[in-house]
Amino acid sequence: MRWFSPTLLVSQLRLARRAASASSRFSTVSAPNSKLSDNHLKVGNFDFNLSNINETGLLRVLNSAKDDPNLALSFLNQLKQNGVSLNVNSYAALVRILSHWRLDRKLDSVLVELIRNDKCGFSVMELMEAIGEEEDAAVEEEHKRSFLLARVSSALVKTYVSLGMFDEAIDVLYQSKRLGCVPGIKSCNFLMNRLIEFGKTDMVVALFRQLNQLGLSANDYTYAIVVKAFCRKRDLDGAAKLLEETSSVFAYTTFIEGLCLNGKTKMAFALINDLICAESLSGDALGFAFGMLVRGFCKEMNVEAAEEVIFKMEEFGIGPDVYACSEIIDRYCKNLELDKALSIVDAMLKKGLKINCVIVSSLLNCYCKMGALHNSDADALWLEALERFKEFKDMDIFLDEVCYNVAFEALSKLDRVEEAIELLKEMMARGMVPDVINYTTLIDGYCLQGKFADALDLFDEMRAKGTAPDVITYNVLAGGLARNGHSEKALEVYKSMKNEGLEPTAGTHNMIIDGLCSAGKIEEAKEFFTSLEDKCPENYASLVKGYCDSGLPKVAYRKFVELNYPLPKNVCFKLFTTLCEDKNCQGKALTVLKRMWAYGVEPARSMYGKMISKLDNVREAKLVFDTMVGRGTLPNLVTYTIMIQTYCRLMELQKANDLFEVMKQRGIVPDLIIYTVLFHGYLKLDKEHHETGSVQGGDVINGKAKQIWKELAAACIEPDVKIYTVLMKYHCKIGNLDIATDILYRMIECGLKPDNVTYNALISAYHRKGYTDKAATLVTELSGKDITLPEHLFAVVKRAMKTRRRSQHWK
């Protein structure tokens, strides 16, 4: 057996490596063919005893391989694979070789291995010290030693950062200073950037303030990073103060970005103007800054200001790019300002800018959202979305799966799912693979049309082509089946979903409950709800809503009061509204309102108004009104009108008048409706005084009614049919039929058209007073007008008209 020779071993390793690969000098090599037998390592044709390998021999091998780093790395890997423990000096020699040849990735992998291996017998800082000692022994020049340690410490900082070990990375910076070397500022910048990504902005600022002590000098990127940290922690003053220390364009553009992200885009605009005047910002940096302004203004929903920035860019010869324009278009679309979005698109096309699929999807989605909100115009909007889709497709704009999906949705809403299927085939022919969203949209379209066999076929096709359905797909399918009365099939889909390993969500359960309730299958919905092991508030909410939709408000209320936690606001609103529609459930509606207060769920202002209008108790009505104000919901004109009308209805005229004055003091301008309410209230009370013979009291109230009428005229508000009718009915009830008749003709002279209520009031008054001839005359005048009389009144007037015709005939 040959005696161990480091030089010979290296030669054998070289031969084995070269035979295994003809790649370049520094490419990754395969490990030489080796195996361990009786403590012997065989490499190629070379056989040696591992028990004879000592530290000195290892270091000699590594030093002999310093001109071939891949060989050195391969050698150590073989030793480790054969159970040889490597000490700190062996790794130090390897790290020196890799650093010398700037093989950063291989160095990183070695450092990661050492950091993760807590059984290597030495610390990373001990490795650093060993590297310094070996280098000192091998190289006399101190600057080479420091350069090597700086490279290794920089690599070590980055490695710790990549592993998320930020405290250890910072410790390396301080320990390197002790060893007399300074890592590069780039590694420190890398560390600070990652700290920001993890939200550790305070650590960034603290580290920046220690740079001088660490022997590091901040560069332009360092200042930009620290400015970003200040902006992320919303310390804009701190960022502005830091800018006094640098003239870095990167730092200033980063600050501009931070201002925009913090809702200070106007301030950012002013800063850009100052930098332009100082000739400190131009070219690409100015274009980037303008782009940030566009995004900032769009985020703040100030789209007009964003458009001004576009004009400003053109003044400086910076053509607005597609991305800046797409931000504005997207914001207009989210605001449902479709016309403005389309005008931007037209302007882009005139300037020769290309439209991309992001812009197209924003526009098409806007059509769909508007269609969902405007039921009366829904079909027209869906059709226009399809026309736009075809128009953009004819322009050779690449349309992705998102754009096609909007077209699928539009066709589905228009009951044209078969056309959507053809469009799906076209999409696939263009090389696009439909995703789960595309399939789910089409399945939903079939469900909307009640074509469940087709929906299930498409579901199977989707799975056969390798697209796994997700929770939403199952929700759509199960909900559609339940909604159309196919409860058994819906439950089969539900079970299939669970068998596939998908966990049903609250949304899944809710869609089945909602669907069963919509189909009138209340008992099935209740049974499904009862079968759920883990019921959540959303499930209870769906059941309560389902009961309401099925016309069972009392059952819904009982379920509601059983709960000890709040339901979503929309469900509370649904229950409350349903209860208010039932005259026997007003108290229950008030209980729902009080429960919402107790649970911290703020009722909508309309709920307060509806409740007040239904109450017959002044104290309770005032309680609801005062609670609304106390909870921070200020009443508007409508709410004041409802409360004043309630006071008038319950004959609390003084309270109505006081509240009216409070409303005006708050700066809310009265309208004709509220004047009509008060006017009617005072006239109603005046009528009661006439009936009881309290003439003096009647004169006072009559004066109040006159005051309201004068105030109406002073406000330049023209009376309408309703307030004239109120006045006419008042005179009819107190017997002033001549005045009532004059009021009717005064209305007509003013260009108003008396309605059914007006004519019925006067004709009824004629009938009560026995003036059937006058009633008959008025009915004759109404011939050809769309006026309907009550049956009993019509019969009386008809007899009177016959009597008059007979008398005229005999004459």
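How many helices and strands make up the secondary structure of this protein? The count comes to 44 helices and three strands. Keep in mind that you're looking at a predicted model.

**The big picture**
- The protein has 811 residues, and buried ones make up 48% of them.
- Take the contacts between residues with a separation of 6 or more: 61% of those contacts come from residues 24 or more positions apart.

**Helix 12 with helix 14**
- Helix 12 covers residues 220-232 and helix 14 covers residues 249-261.
- Their axes sit 8 Å apart, and the two helices pack at an angle of about 15°.
- Angles under 35 degrees count as roughly parallel, so that's the label for helix 12 and helix 14.
- As for handedness, helix 12 passes helix 14 in a right-handed crossing.
- On the helix 12 side, the residues in contact are Asp220, Tyr221, Tyr223, Ala224, Val227, Lys228 and Cys231.
- They meet Phe250, Ala251, Thr254, Phe255 and Gly258 of helix 14.
- Sort the residues of this contact by type and you get eight nonpolar, two polar and two charged.

**Helix 20 with helix 22**
- Now look at helix 20 (residues 357-373) and helix 22 (residues 401-413), which pack at an angle of about 20° with axes 9 Å apart.
- Helix 20 and helix 22 are therefore roughly parallel to each other too.
- Here the crossing is left-handed, with helix 20 passing helix 22.
- Helix 20 brings Cys357, Val360, Ser361, Leu364, Asn365 and Cys368 to the contact, while helix 22 brings Val402, Cys403, Val406 and Glu409.
- By type, the residues in the contact of helix 20 with helix 22 split into seven nonpolar, two polar and one charged.

- How many disulfides does the structure hold? The number is zero.
- The cut-off for a disulfide is a pair of cysteine sulfur atoms within 2.5 Å.
- Is Cys366 buried or exposed? Cys366 is buried, because its relative accessible area is 1% and buried means under 20%.
- Cys447 also counts as buried, with a relative accessibility of 1%.

Methods
Residues are numbered from 1 along each chain as its sequence is written. This is a predicted model: local features need pLDDT of at least 70, side-chain atom pairs count only at pLDDT 80 or more; totals for chains, interfaces and linings use all residues. Side-chain values use heavy atoms; hydrogens and water are left out. Buried means under 20% relative accessible area, exposed over 50%, partly exposed in between (1.4 Å probe, protein chains only). Axes are lines fitted to C-alpha atoms, for helices over the stretch in contact, and angles run from 0 to 180 degrees between N-to-C directions. Helices (H or I, at least four residues) and strands (E, at least two) are DSSP runs, numbered from the N terminus. Angles under 35 degrees count as roughly parallel, over 145 as roughly antiparallel, 65 to 115 as roughly perpendicular and the rest as oblique. A crossing is left-handed if the near helix is turned anticlockwise from the far one by less than a right angle, and right-handed if clockwise. Contact means heavy atoms within 4.5 Å. Ala, Val, Leu, Ile, Met, Phe, Trp, Tyr, Cys and Pro count as nonpolar, Asp, Glu, Lys and Arg as charged, and the others, Gly among them, as polar.
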